[in-house]
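This briefing goes through one protein model by topic. The sequence and structure come first, and the notes follow.

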Amino acid sequence: MQFHHHGYVSGDPRIQAAAGTGIGRPAELPDEVDVLIVGSGPAGMLAAAQLAQFPDITTRIIERRDGRLVIGQADGIQARSVETFQAFGFAERIIAEAYRITEMAFWRPDTNNPHNIVRGGRAVDDTTGISEFPHLIVNQARVLDYFAEVAAHAPTRLVPDYGWEFQTLEVADDGDHPVTVSLVRSAGPDQGAERTIRAKYVVGCDGARSKVRDAIGCTMAGDKANHAWGVMDVLARTDFPDIRTKCAIQSHDGGSILLIPREGGHLFRMYVDLGVVPENDNGAVRNTSMDQIIANANRILHPYTLDVRNVAWHSVYEVGHRLTNRFDDVVPGQVGLRTPRVFITGDACHTHSAKAGQGMNVSLQDGFNIAWKLGHVLEGRSPESLLSTYSAERQVVARNLIDFDRTWSTMMAKKPEEFEDPAELEDFYVRTAEFPAGFMTEYAPSLITGAATHQGLAAGFPLGKRFKSAMASRVCDTNPIHLGHHATADGRWRIYVFADPAPAGDPGPVADLAEWLSGSPDSPLAATPNGLDADAWFDVKVIYQQPHEDIDINKVPEVFKPLVGPFGLVDYEKVYGTVPGEDIFDARGLSRDGVVVVVRPDQYVANILPLTATAELGEYFARIHSGARV
């Protein structure tokens with residue numbers, strides 16, 4: 001972490017100096033905002049934390065509750081989400097308080113006595129090294145707390161406006177703030193008071209019963225729920241030996257349980273099978289009592305027993321899989337004729353079961369995707385057409401999620417005798433591990449994702465997929481670090497220059513590229529406004545093929561050592577070598593002739609080019625950085 005470049009800092013370096021709209025930020029909702037976020041769930045709070053990094057953008061987030069979420073329904077944190085937490089600066093802290101999943105146990109009926117369950121197998125959570133980050137369980141409320149802290153400590157000092165409920169909105173054809181939003185006070189001494197504000201953009205993060213979705217005419221479609229589950233977070237005494245291990249438990253005739261230990265010890269969550277919902281049920285299954293859920297759990301666990309001492313939270317839900325027809329306010333007849341002004345995220349777009357642990361995780365990436373794009377458009381970095389990529393990218397992800405969850409939840413609901421192989425559930429869990437971990441997202445070629453023409457130069461960084469970090473040695477201080485861990489959520493594009501074999505400072509393609517980056521009017525760096533640090537919009541790093549001790553940092557081109565802050569200090573932390581035994585060129589299949597890897601602000605690989613392809617690099621960024629401030 002770097003924080004002395006503006007002068008000596010003796011306090012908490014995570015608290016950035018207030019700037020722009022954060023200076024004298026009004027406590028009350030203003031009449032006009034740049035971005036209004038509706039709902040303080042995972043997508044909303046991540047979007048707020050990201051937009052809070054853009055000092056000149058007025059962002060407000062409203063929530064109908066009167067304060068922070070206390071008990072969250074989501075708790076599974078996949079490795080991709082932890083990777084995202086790293087970008088926002090709190091991965092280490094949340095890992096320390098979370099429950100870490102390292103194995104999953106699979107229980108099924110004893111072949112000798114089918115009324116008893118026995119452990120049939122175990123599966124290691126990440127057998128192939130999908131990520132260096134762990135799979136966690138932690139209360140959703142704590143995730144929101146961490147994002148709230150990031151937003152509050154950001155330059156804009158963004159905090160939620162609690163006690164405001166969205167009613168409806170209208171989008172005008174023109175005007176500086178074309179979205180008129182109607183609100184009502186849902187908490188406080190003036191409860192019931194109505195309010196109208198105007199916004200440039202609205203992001204609906206208001207859940208499965210989204211009023212923002214209704215206001216823009218989006219419809220949800222999918223299969224009807226036909227299976228019910230009782231879910232409970234409890235403290236209990238039990239002789240079940242794997243009570244602190246994630247388990248899939250299948251009984252002979254009592255149904256199934258998905259057991260998930262919770263953070264803090266003692267507490268655990270159970271998804272308890274309540275069976276098929278009759279056609280004429282009309283929601284009656286939702287009245288299933290806590291005692292009935294516990295009784296079902298005991299039948300499934302036999303010969304083990306469960307003595308529940310305290311219930312922290314419980315609910316009954318029916319599994320249904322639904323997807324909206326679009327994720328923004330541009331109807332089919334308007335596609336290509338106008339850009340969107342209103343967006344929906346998370347459960348407002350896609351609903352599914354909770355058992356694959358995907359709801360919060362996919363919602364977080366929805367928020368990350370739209371937030372940086374709004375920041376770039378509003379700051380004038382990018383044209384408004386960038387915003388049209390949100391629905392195009394995230395709807396595909398949601399559709400894949402629903403397909404996966406439909407398969408997983410169906411398998412969880414099967415009776416043991418319906419499986420051809422008793423280990424089928426376990427095998428599926430292992431075989432598909434990359435998807436629930438959050439790493440199967442692969443964005444198609446678009447305005448911001450280049451064609452795979454040069455993919456062979458960087459086989460380990462697939463275009464459209466997240467940048468999979470690997471070790472490199474930072475030359476200035478000799479520290480071996482994960483290269484991707486220094487890609488913070490600051491809204492910047494990353495340009496990684498993986499060098500050819502020539503030593504630093506020698507003539508060749510790296511020196512030529514460095515000269516073009518620093519001096520050509522076609523270089524993306526030329527778009528950085530005067531008065532900002534040279535690396536304010538683009539974080540350019542070079543990784544040489546030699547170990548750090550063989551690299552003379554004084555011979556490294558200046559573009560990789562930018563001057564930053566009011567004192568014009570040299571940033572030495574952008575120059576890397578290889579780590580013996582963990583060579584990043586070998587680990588990620590990088591060409592020894594060198595390659596440029598471009599990574600989006602939300603950590604997805606956007607382009608791969610030869611070191612000599614300056615024209616293509618310039619043309620790529622010219623499409624993205626051709627906008628004017630709106």
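**Sheets, salt bridges and surface**

Trp 107 has Ile 249 in E14 as its bridge partner. The contact belongs to a parallel pairing, in which strand E5 (residues 103–109) and strand E14 (residues 246–250) are joined by four bridges. The model is a predicted one.

**First sheet**

- E5 and E14 are part of an open sheet of seven strands, ordered E6-E5-E14-E15-E16-E13-E17, and the pairing in this sheet is mixed.
- Strand E6 (117–124) and strand E17 (306–318) form the edges; each has a single partner strand, so one side of each has no neighbour in the sheet.
- From one strand to the next, the twist averages 20°.
- Strand E16 (residues 268–276) has seven of its nine residues buried, so the rest of the structure largely encloses this strand.
- On one pairing, E16 runs antiparallel to strand E13 (residues 227–238), with eight bridges between them; Ala 228 is placed opposite Gly 275 of E16.
- E16 also pairs with strand E15 (residues 256–261), again antiparallel, through five bridges; here Ile 260 has Arg 269 in E16 as its bridge partner.
- The hairpin of E15 and E16 has six residues between its strands, and Gly 264 in this hairpin adopts a positive phi near 85°.

- Another open sheet has seven strands in the order E22-E21-E27-E24-E23-E28-E29, with mixed pairing.
- Its edges are strand E22 (480–482) and strand E29 (605–609), each pairing on one side only.
- With direction ignored, neighbouring strands in this sheet are turned by 30° against each other on average.
- Four bridges hold strand E28 (residues 595–599) and E29 in an antiparallel pair, and Val 597 has Ile 608 in E29 as its bridge partner.

**Salt bridges**

- The structure contains 42 salt bridges.
- One of them is between the side chains of Arg 60 and Asp 161, at 2.9 Å from N to O.
- Arg 60 sits in strand E2 (residues 59–63) and Asp 161 in strand E8 (residues 161–162), so this pair ties together parts 101 residues apart in sequence.
- Arg 60 is buried at 2% relative accessibility, and Asp 161 is buried at 8%.
- Glu 83 and Arg 466 form another salt bridge, with 3.2 Å between the closest N and O atoms.
- That pair links distant parts of the chain, 383 residues apart: Glu 83 lies in helix H2 (residues 79–88), and Arg 466 in the loop between helix H9 (424–431) and strand E21 (471–474).
- Both Glu 83 and Arg 466 are buried.
- Lys 211 and Glu 165 also form a salt bridge, their closest N and O atoms being 3.1 Å apart.
- Lys 211 is in helix H5 (residues 211–215) and Glu 165 in strand E9 (residues 164–171), 46 residues apart.
- Lys 211 is partly exposed, with 33% relative accessible area; Glu 165 is partly exposed as well, with 24%.

**Surface and loop**

- Leu 563, Val 570 and Tyr 572 make a nonpolar surface patch of about 260 Å²; Leu 563 is in strand E25 (residues 563–564).
- Gly 336 lies in the loop between strand E18 (321–324) and strand E19 (342–344) and is exposed, at 74% relative accessibility.
- Gly 336 and Ser 385 are 49 residues apart in sequence, with 8.9 Å between their C-alpha atoms.

**Annotated region**

- An unreviewed UniProt entry annotates residues 441–625 as "domain: Phenol hydroxylase-like C-terminal dimerisation".
- The span of residues 441–625 is 14% helix and 22% strand, and its end C-alpha atoms lie 25 Å apart.

Notes. Residues numbered from 1 in each chain as written. Predicted model: local features only at pLDDT ≥ 70, side-chain atom pairs only at ≥ 80, totals over all residues. Heavy atoms only, no water. Buried < 20%, exposed > 50% of the residue type's maximum accessible area, 1.4 Å probe, protein only. Helix = DSSP H or I, 4+ residues; strand = E, 2+ residues; numbered from the N terminus. Pairing = 2+ DSSP bridges. UniProt positions renumbered as here; feature names shortened; annotations may be inferred. Patch = residues over 30% accessible without salt bridge, like charges linked within 9 Å, V, L, I, M, F, W, Y side chains within 5 Å. Areas by Shrake-Rupley, 256 points an atom, 1.4 Å probe, with all protein chains shown as cover. Salt bridge = Lys/Arg side-chain N within 4 Å of Asp/Glu carboxyl O. Axes fitted to C-alpha atoms, helices over the stretch in contact; angles between N-to-C directions.
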